[in-house]
Amino acid sequence: MRVGFIGTGAITKAIVEGLDRAGKDNTILVSNRSEAVSRDIERRFARIKRAPNAEVAANSDIVFIATRPTQVEEALAGISFHRSQIVISFVTGLSVQDLAKLAPLSTVGRVLPLPSIARCEGPIICYPGIPEILQLFEGMGHLVVPESESELLAMGSVSGFMSTYFELQNSLIAWLGRRGVTDENASTYVRAMLFALSSTAYSTSETEMDNLPAEHETKGGLNQRVRQKLKDRSWFDQPAECFGEILSLKRSSLE
C-alpha cells in the first residue's frame, strides 16, 4: 500500500527508517513542509518522494497525520479523504472521534510509536486493530492493541517517562564521575547495568514480575537500603502523580 505522512518530523523520520530496516517496500510520500527533514529522508531512501500535503493525501492508501497539535487545522485545510483510505493520527489530542469528523468516509485510528521504531524496537500502540496497519508495522516493534482509546491514553501517559529515564541514567553516571570514576567507565557500567536489568525484566513472565525487586536485593544489603530509602520518601509514587496529571489533560481532549 502507498503510505503518506502529513507532517515530517522526528517520528515520521523514525518510522521511515524502521520501514526500511524491516524490509518494507511501500512507496512513501512525505510532506515537504519540513524542509530539512523531508529532504534528508528523500536523499537517503529511494522510495521516498516529497510532496505538498494535498498531494500526499490524494495519492496515499494510508495517510498518517504527524503534525504538531497546533498545526493540524492548517495542514488539513482543503483536504478531503476518500472511502478507500485509512487515516491515522499520531497527534496528541486528535482522538479517533475527532479524526472521524475530519475523514468521515475513511477508516480511522490512532498509532502511538516511539522513536525506537527506527531500530524496529519498542511498543507500537495501535487503536483500533486495523489489519492493514498491524500488517504494516509487523516486525517493527511490539504491537499493542488497546481495548479502548482510554487504555491508549493511559499507556501514552506512561511514555512520558522516557526523558526521565535518561535523566536518571545520566545522574548515576555523573555520581560515579564525582567520585573519580572515568567518564568512559562510568558510562559503560551504568548503561550496561540498565540494559541488563531491562533484558531481565523483559524475559521475566508477567506472573513473576512482582518478585524481581526482592530477587535483586539481600536483607540489609545495598539494594534493599536504597529501595527502602526511596520508598520512605514516596519516590515511587511520584511518577504515578505525574502520569495522572498528563492523563487528565489527554482525557479532556476526548470530551
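Biologist: Are H1 and H2 roughly parallel or roughly antiparallel to each other, and why?

Modeller: This is a predicted model, and the values are computed from it. The axes of H1 and helix H2 (residues 35-44) cross at roughly 10°. Angles under 35 degrees count as roughly parallel, so H1 and H2 are called roughly parallel to each other. Their axes come within 10 Å.

Biologist: What makes the contact between H1 and H2, and how does it divide by class?

Modeller: H1 contributes Lys-13, Val-16 and Glu-17, while H2 contributes Val-37, Asp-40, Ile-41 and Arg-44. By class there are three nonpolar, no polar and four charged residues in this contact.

Biologist: Why are H8 and H9 called oblique to each other?

Modeller: Helix H8 (residues 162-178) and helix H9 (residues 183-203) have axes that cross at roughly 140°. Angles over 145 count as roughly antiparallel and 65 to 115 as roughly perpendicular, with under 35 degrees as roughly parallel and the rest as oblique. The angle of roughly 140° falls in the rest, and H8 and H9 are therefore oblique to each other. The crossing of H8 and H9 is right-handed, and the axes come within 9 Å.

Biologist: Which residues of H8 and H9 make the contact?

Modeller: From H8 they are Tyr-165, Gln-169, Leu-172, Ile-173 and Leu-176. From H9 they are Ala-186, Ser-187, Tyr-189, Val-190, Arg-191, Met-193 and Leu-194. The residues of this contact divide into nine nonpolar, two polar and one charged.

Biologist: Is Tyr-189 buried or exposed, and how do you know?

Modeller: Tyr-189 is found in helix H9 and has a relative accessible area of 55%. Exposed means over 50%, so Tyr-189 is exposed. The C-alpha atoms of Tyr-189 and Ile-173 are separated by 8.3 Å, and the two residues are 16 residues apart along the chain.

Biologist: What about Cys-120: is this residue buried or exposed?

Modeller: Cys-120 sits in the loop between strand S6 (107-112) and S7. The relative accessibility of Cys-120 is 18%. Buried means under 20%, so Cys-120 counts as buried.

Biologist: What is the phi of Cys-120?

Modeller: Cys-120 has a positive phi of about 60°, although it is not a glycine. Most residues other than glycine have a negative phi. Ser-234 is another residue other than glycine with a positive phi, near 60°. Ser-234 lies in the loop between helix H11 (222-232) and helix H12 (238-252).

Biologist: Why does Ser-234 count as partly exposed?

Modeller: Ser-234 has a relative accessibility of 31%.

Biologist: What kind of peptide bond joins Tyr-127 and Pro-128?

Modeller: The bond is cis, with omega about -10°. Most peptide bonds are trans. Pro-128 lies in the loop between S7 and H6.

Biologist: Which residues touch the most other members of the largest nonpolar core?

Modeller: They are Phe-5, Phe-64, Ile-133 and Phe-137, in a core of 28 residues. H1 gives the largest share of this core, four residues. Not counting residues up to four places away in sequence, Ile-133 touches Ile-62, Phe-64, Ile-86, Ile-88, Val-111 and Cys-126. Another core, of 25 residues, lies apart from it, with Ile-6, Val-87, Tyr-127 and Leu-247 among them.

Biologist: How many helices and strands are in the chain?

Modeller: The chain has twelve helices and eight strands. Of the 255 residues in the chain, 38% are buried.

Methods:
Residues are numbered from 1 along each chain as its sequence is written. This is a predicted model: local features need pLDDT of at least 70, side-chain atom pairs count only at pLDDT 80 or more; totals for chains, interfaces and linings use all residues. Side-chain values use heavy atoms; hydrogens and water are left out. A nonpolar core is a set of buried Ala, Val, Leu, Ile, Met, Phe, Trp, Tyr and Cys residues joined through side-chain atoms within 4.5 Å. Buried means under 20% relative accessible area, exposed over 50%, partly exposed in between (1.4 Å probe, protein chains only). Helices (H or I, at least four residues) and strands (E, at least two) are DSSP runs, numbered from the N terminus. Contact means heavy atoms within 4.5 Å. Axes are lines fitted to C-alpha atoms, for helices over the stretch in contact, and angles run from 0 to 180 degrees between N-to-C directions. A crossing is left-handed if the near helix is turned anticlockwise from the far one by less than a right angle, and right-handed if clockwise. Ala, Val, Leu, Ile, Met, Phe, Trp, Tyr, Cys and Pro count as nonpolar, Asp, Glu, Lys and Arg as charged, and the others, Gly among them, as polar.
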